[in-house]
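Could you walk me through this structure, one selection at a time? I have it open in a viewer and would like to know what to click on next.

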Amino acid sequence: MTNYSQVFNQHLNRLKEAGNYRYFLDVEKNAATFPKFSFTDADGNRYSATNWCSNDYLGMSTHKVVINSAVDVAKTSGIGSGGTRNISGTTVHHKALEETLAKLHNKDSALIFSGAYLANLTTLQTIGKIFPDIAFISDQYNHASLIEGMRASRKDKFIFRHNDMEDLEYILQSMPLDRPKMIVFESVYSMIGSVGHIKEIVDLAKRYNALTYIDEVHAVGLYGRRGAGKASELGLEGEIDIVNGTLAKGFGVIGGYIAASKEIADSIRSFGSGFIFTTSLPPSVCAAGVTSINYSGNHDELRQALHQNVIKLREIFKRYGVEYSHNPSHITPIPMRDALHCKEVADRLLKVHGAYLQPVNYPTVPVGEECLRVVVTPKHTQEDMIHLAKSLVEATHTFVYDISEEDSAEYAL
């Protein structure tokens, strides 16, 4: 007889032994103090800490104009939408959000989903249904949602080495010119901070008759005209066939979307099961999304402050001898190269120094590429950055698991 509990526990124990088991911290987020927050440990002790791993890049989730927009519509329309988009779940707020997103990306149409993962999964799977002979050509470091979407399509997939245009062209050359094909890539790769070679990919797509699909999840709100992303920054948004983005990071709300031509968006709307059979976003969330996109788009100083803080943080890291991976984006990875060491350092940073960085381990990154992913926002101060640098120097050179009450007392509330 199969002992089901034993099998589950065997898998979990292997994960823990490898250092890849994921522990959640119950963050007591406070809009008034972000990025500072509180948490309570297993013994009931309360602590304060600074969040250095949030994807709320501009702090828009805590902005009063976004909060007020959500509250006002929730009072009028209620909390949930009450249905799928086809069954009463399309409101004036959903329509306004899609129109705002289409305008942002200079596209005919946009389609919103409950998350960017679902948007990627549904869109790529549906593209595979529409083009039975399509070949997907995928960057080596693409996000799991892109990988799952291509896998779910059950169509041919070819992987090119990360940002290697010669390898990409070699794959394209191996296919008939008239075969349907789609190059799938990201603008900002969230764990390593590299930036996709957008112009070169667009040029190759034109030369070899391929569609282009770009994931701008970690770029929207932060780069380009009004925060439209990296393709917009390069003036190439009109050259990309499908843009995937999120409302949950730079815009600080929740939900994902695609922006594309009218016929592409309408095809995903009409044939994508992940869209058709999912309850739509709450109207208040849609209203908050519109407000956040418009507000952040009109306040370029938010993006300027973010990028200035990235430069300042890295200068401070250099001053204190903190190793980090150089890249052209706002993401600053600190290599750990070992899952157990990564977890140990993250624990000490939190419990001793009040600095919250979540370990990034397999399968998010390959084994041996474990890291701490530092994200600075416009709301982090220079004092915060210096404290983090000093804390990293101490934590990465200390190999202890037991943290004394005296050590942790500094951050107790």
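Predicted model: local features only at pLDDT ≥ 70, side-chain atom pairs only at ≥ 80, totals over all residues.

**Stop 1**

As a reminder, strands of a sheet pair through backbone hydrogen bonds, in either a parallel or an antiparallel way.

Now keep strand 11 and strand 14 (residues 371–374) on screen. Four bridges join this antiparallel pair.

What covers the faces of strand 11, and are its residues buried or exposed? Both faces are covered: Thr332 and Ile334 on one side are buried, and so are Pro333 and Pro335 on the other.

**Stop 2**

Show its surroundings and you will find Met165, Leu168, Ile183, Phe185 and Thr212 in contact with Ile201, leaving aside neighbours within four places in sequence. For a sense of scale, draw a line from the C-alpha of Ile201 to that of Asn327: the two are 19 Å apart in space and 126 residues apart in sequence.

**Stop 1**

First pick Asp203 and Lys199, whose side chains meet in a salt bridge with an N to O distance of 3.1 Å. Because these two residues are four apart in helix 7, about one helical turn separates Asp203 from Lys199. Asp203 is partly exposed at 30% relative accessibility, and Lys199 is also partly exposed, at 47%.

Then pick Lys206 and Glu239. Their salt bridge has its closest N and O atoms 2.7 Å apart. This pair links distant parts of the chain: Lys206 sits in helix 7 and Glu239 in the loop between helix 8 (230–233) and strand 9, 33 residues apart. Lys206 is exposed, with a relative accessible area of 54%, whereas Glu239 is partly exposed at 33%.

**Stop 4**

Move on to Arg348 and Glu394. Their side chains form a salt bridge of 2.9 Å, N to O. Arg348 belongs to helix 13 (residues 339–353) and Glu394 to helix 14 (residues 382–396), so the pair ties together parts that are 46 residues apart in sequence. Colour the two by accessibility: Arg348 is buried at 8%, while Glu394 is partly exposed at 26%.

After that, select Asp133, Asp156 and Arg179 together. These residues are linked in a network of salt bridges.

**Stop 2: two loop residues**

Select Thr62, in the loop between strand 3 (46–51) and helix 2 (64–77). Thr62 has a relative accessible area of 8% and is buried. Which side chain does the side chain of Thr62 meet in a polar contact? The partner is the side chain of Lys379, at 3.0 Å. Beyond residues up to four places away in sequence, Thr62 touches Lys29, Ala31, Phe34, Asp56, Ile67 and Lys379.

For another loop, go to Ile254, between strand 9 (242–246) and strand 10 (256–260). Ile254 counts as partly exposed, at 41% relative accessibility. Not counting residues up to four places away in sequence, Ile254 touches Ser114, Leu247, Ala248, Leu281 and Val285. Val184 is 70 residues from Ile254 along the chain, and 23 Å separates their C-alpha atoms.

**Stop 3: a patch on the surface**

To place one of them, look for Phe271 in helix 9, which covers residues 262–271.

Technical notes:
Residues numbered from 1 in each chain as written. Heavy atoms only, no water. Buried < 20%, exposed > 50% of the residue type's maximum accessible area, 1.4 Å probe, protein only. Polar contact = N/O pair within 3.5 Å; in protein donor to acceptor, adjacent residues only side chain to side chain. Contact = heavy atoms within 4.5 Å. Pairing = 2+ DSSP bridges. Salt bridge = Lys/Arg side-chain N within 4 Å of Asp/Glu carboxyl O.
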